[in-house]
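Here is a short briefing to read alongside the model. Take a look at the chain first, and then we can walk through it together.

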Amino acid sequence: MRSRGDAGSAGCSEAAPPSCRGLASPTVACATVATKRFVIIGGGPAGNTCATHAARMGAEVVLVERDIVGGAAHLWDCIPSKAMIATGGALDLINHAHGMGITDTAASLDPVALRERIVRIEEQLRGGVSGLLESQGVRLVAGSGRLTSARTVALDRADGTEEVEADVVLLATGSRPRIPDWAPVDGRRVLTTRHAYPPEEMPSHLVVIGSGVTGVEFVHMFAAFGCEVTLIVSRQQVLPQKDPEVAAALEADFLRRGVHLVIGARAEGIDVDDSGIVVRCDDGRRVAGSHALLAIGSIPNSETLGLREVGVETDGGYVVVDHNCMSTVPGIYAAGDLSGKLPLSSVASMQGRKIAEHAMGLHAGPHRHLDYEKAASAIFTVPEIADVGLAEADAFAAGRKVRVTKVPFAANAKALIDGDTRGFVKIVSDPATGVVLGGSIVGRGAAELISVIALAVTAGLRVTDIVESLLVHPALAEALADAAE
Ligand SMILES: Cc1cc2nc3c(=O)[nH]c(=O)nc-3n(C[C@H](O)[C@H](O)[C@H](O)COP(=O)(O)OP(=O)(O)OC[C@H]3O[C@@H](n4cnc5c(N)ncnc54)[C@H](O)[C@@H]3O)c2cc1C
């Protein structure tokens, strides 16, 4: 695969125009690279990463965003949810610090200060993203974008509509929470995640509907804030897509913290009155609380993009794309949640980068495509959960022979020092070659630690490469080397 650096050396000669920013040395220019006009609709991780990389490679880029650059990822999803979790974690740490030789530990939540903190973080990130885009010469347009043909995009701004021509169009409009007909969302008693940072009124008893990644993160954060929490689980385990051992560790922790689990029930209605809510389930169970929160997936923002008129094929509103993220119309790409692949910010950014490379002609020869199977992901509960690559349960289901090694954090010096020995590291490898195929981590720092296994999976490293790395002591990462042993 050719890297971004190759673009500069492949296309650059002599005097340096601004379009070579960040790639070539100041004395080298991109005179032989034909300028391409990109129009990008949506400024989330997919859109803004593509914009930056395309501009660095010499493209003229227009990015239209109707809300904020940084996207829903910064405004509604990754950032505010993790900021809430960080505050919950700080509360938890203080309130349980007596076990570490500290007395007089009692802390409580200030929801107003928390909301202000979330806004400050978002503003700082927004400044960084817009600054980067502007420094690369990307033209930012505040407004909504829609296709008017395969090569023209209408930019609907507050002061009128402008039509721009494009050689490359990227659709990166993301998704929004799914709200079924039976859920009377009012933002007061019945919430989506977008009403919860934190809600106007702190729930005394929150009923969370949906036990996927988003649902369990909200259970975790509101439990850490001291709310009573009930989780409605439609299947037989929380996190139905995850390794059962990982899900069991989280369930055990929820129960230890007093979270109520309603297993095997599907919500099908919510009654609301002044005193609270009652969730009606398909098996007749009724679950009462002060507030309900829906975490039952998302739907793509694609209705207003003019896709059908231009011939872009969709499936359930998601744009159908090939391995280069190109839609069924050449020159029109889709990335991020809209592409219906893994709905992760990290994946959206990588798609954006790969689209810029592909559209600028870097992938004419063989190259390493995006491999969604090797994407690391994390769930920011306590204990944290992270995984990458092949899961043990999937290997068994496929009848594939693997070597699975597991080490508990209870045997790790740093975990003992930190006062949190929950969880384990599990590494899945090929018994014949020792090549690392995947891994799961449950425990403090899992989201950071998984990077080592992710690198091993992507680079095709062997367990011995991890075992023979000279790691820091004492460190949680030593559990990785022990598990690889
Ligand atoms: C509660 C929650 C927490 C999450 N936490 C994480 C996490 O910790 N880590 C992680 O990797 N992923 C996380 N995700 C997933 C992640 O947020 C998404 O995968 C990511 O935001 C997708 O990026 P995107 O670029 O496709 O779209 P978005 O971030 O949704 O950005 C799309 C942008 O397009 C704009 N737009 C839409 N239509 C138009 C139009 N017609 N014209 C102009 N602009 C338009 C929108 O305003 C928006 O700004 C979380 C999701 C949720 C719901």
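How many bridges join strand S1 to strand S7? In this predicted model, strand S1 (residues 37-41) and strand S7 (residues 168-171) run parallel and are joined by four bridges. That pairing belongs to an open sheet of five strands, and the points below place it among the other features.

**The sheet**
- The strand order is S3-S2-S1-S7-S20, with parallel pairing.
- At the edges are strand S3 (139-142) and strand S20 (332-334), each of which pairs on one side only.
- On average, and with direction ignored, neighbouring strands of this sheet are turned by 20° against each other.

- Helix H4 (residues 78-95) and helix H6 (residues 213-224) have axes that come within 8 Å and cross at roughly 40°.
- H4 and H6 are therefore oblique to each other, and their crossing is left-handed.
- From H4, Ser81, Met84, Ile85, Gly88, Gly89, Leu91 and Asp92 take part, meeting Glu217, His220, Met221 and Ala224 of H6.
- The residues of this contact between H4 and H6 comprise five nonpolar, four polar and two charged.

**Domains**
- The domain assignment gives domain 1 as 1-177 + 297-375, domain 2 as 190-296 and domain 3 as 383-484.
- Between domain 1 and domain 3, four residues of the former are in contact with five of the latter.
- On the domain 1 side of that contact, the residues are one nonpolar, one polar and two charged.

Methods:
Residues numbered from 1 in each chain as written. Predicted model: local features only at pLDDT ≥ 70, side-chain atom pairs only at ≥ 80, totals over all residues. Domains from an automatic or database assignment. Contact = placed C-beta atoms within 7 Å. Nonpolar A, V, L, I, M, F, W, Y, C, P; charged D, E, K, R; others polar. Axes fitted to C-alpha atoms, helices over the stretch in contact; angles between N-to-C directions. Helix = DSSP H or I, 4+ residues; strand = E, 2+ residues; numbered from the N terminus. Parallel < 35°, antiparallel > 145°, perpendicular 65-115°, else oblique. Left-handed = near helix turned anticlockwise from the far one by under 90°. Pairing = 2+ DSSP bridges.
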